[in-house]
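Notebook open, structure loaded. I want to go through the sheet and then the ligand surroundings.

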Amino acid sequence: MTGATSGLTSGKQGLAESRPVTELQEVLPGLLAKFECNNAGGSHKVRAARFIVDSAIASGAIVPGKSTVIEKTGGNFGFGLAIVCRSHNIRVELAVGLGFSPIKRHYLDLVGAHLIGVKMLQDGATPREVVEWHLEHAEALGRHYFYTDQFSNGASVAAHEFETGPEIAEQLKAWPNVRKLTFVACAGTGASLSGIARGLISAGYVVDVILVEPAGCDSRSNVFVEHKLEGMSVGVAPPFLDWSLITETRAITHESAVAAQLAFAQRTGYLVGNTTSACLSVAIPLAATMLADQKVLSVIYDSGLWYAPALRSADNGHVGHRLSLMR
Ligand SMILES: Cc1ncc(COP(=O)(O)O)c(C=O)c1O
């Protein structure tokens, strides 16, 4: 196993304002993993949150100390917002669907986010309806809201195009022979897939992108089925997915994601999250076929500890219906 980090790693820190650098490791022969799970907030989404909040502060749309950030999220983007906004003295209100990981809900509370609309959600409202209700009643609630709206805020793509992608390119210098990458990824908003791929192409790499989707979902045609892989194929066509980057789409089953999670944990010792496991079910067999100048690249989006043991059981997890759909 080859572990490699660039000099950038020396800048690793815990402050939201500082530039986060996560490790790039050759976790299995031919397979490079970018450990975004080690960001403050536990996922790649903190980068999107930081870019979105910083650009809104710069434009005056968010006034620190006065504005309240509001969002609907399954968790990871919410952690990012909570961490970034805390340092700017910005209140964060989140509508989190009741089907999402309860551990994440507790942690959101712990890091200072306010979970709103719980009663409305219990009565059957969607997270979107909760956000809309709060925006409509902002004046009565005494709030000056800024809706970060991760599904329409392009600053999230910039986060990955100008930060994560170049960071990986810098780290790839530890593999000087490698010029071709097969990036195996999934899409919620599509921001990380498109941004990272573009950043690597700009750095001179030849990048094939394989989009992984749960069987029955087809983001291109806006077709979605219920599944338990929180964060990918979320029930709306990924607004930032640049389809011209996609070489191939692969449908995976829940069982293949479970098998990949276990195999990866046994071979590397890392328990990775559900969407990562889905991608690894495609990436691991592919990695064994790479030539000397090629590697497979996958993002470790988040940790499996958030979900365990939900992934193992298709029918007996902590989740209810509509688990992973954001509609
Ligand atoms: C665990 C996980 N994986 C993958 C994704 C997809 O990321 P993106 O929105 O950049 O497409 C998300 C998004 O929330 C996520 O939480």
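**The sheet.** I started with the open sheet of 4 strands, which runs in the order E6-E5-E4-E7 with parallel pairing. This is a predicted model, so I'm reading everything below as computed from predicted coordinates. Strands E6 and E7 (144–147) sit at the edges with a single partner strand each, so each has one side left without a neighbour in the sheet.

**Going along the pairs.** I looked up E4 with E7 next: they pair in the parallel sense over 4 bridges. In that pair, serine 67 has histidine 144 of E7 as its bridge partner.

Then I moved to the other side of E4. Strand E4 (residues 67–72) pairs with E5 in the parallel sense, this time over 5 bridges. Valine 69 stands opposite valine 92 in E5.

For E5 and strand E6 (residues 114–115) I get parallel pairing over 2 bridges. Leucine 94 has leucine 115 in E6 as its bridge partner. Here the chain goes from E5 through helix H3 (residues 102–110) to E6, and this β-α-β crossover is right-handed.

**Burial of E5.** Why do I call strand E5 largely enclosed by the rest of the structure? Because 4 of the 5 residues of E5 (residues 91–95) are buried.

**A helix on the sheet.** I checked helix H5 (residues 127–136) as well. Helix H5 lies across E4, E5 and E7, and its direction is at about 155° to E4.

**Ligand shell.** Which residues come nearest to the ligand? I find Gly188, Thr189, Ser192, Gly231 and Thr275, out of 18 residues around it. By type, the shell around the ligand splits into 7 nonpolar, 9 polar and 2 charged residues. Helices H2 and H8 (191–202) each supply at least two shell residues. H8 gives the largest share, 3 residues.

**Whole chain.** The protein chain has 10 helices and 11 strands. Of its 327 residues, 50% are buried. Among contacts in the protein chain with a separation of 6 or more, 72% are between residues 24 or more positions apart.

How values were computed
Residues are numbered from 1 along each chain as its sequence is written. This is a predicted model: local features need pLDDT of at least 70, side-chain atom pairs count only at pLDDT 80 or more; totals for chains, interfaces and linings use all residues. A residue is buried if 20 or more other C-beta atoms lie within 10 Å of its own, exposed if 12 or fewer, and partly exposed in between; C-beta atoms are placed from the backbone. Two strands pair if DSSP finds at least two bridges between them. A crossover is right-handed if, with the strands pointing away from the viewer, the path from the first strand over the helix to the second runs clockwise. A residue is near a molecule or strand if its C-beta atom, placed from the backbone, lies within 6 Å of it. Ala, Val, Leu, Ile, Met, Phe, Trp, Tyr, Cys and Pro count as nonpolar, Asp, Glu, Lys and Arg as charged, and the others, Gly among them, as polar. Two residues are in contact if their C-beta atoms, placed from the backbone, lie within 7 Å. Axes are lines fitted to C-alpha atoms, for helices over the stretch in contact, and angles run from 0 to 180 degrees between N-to-C directions.
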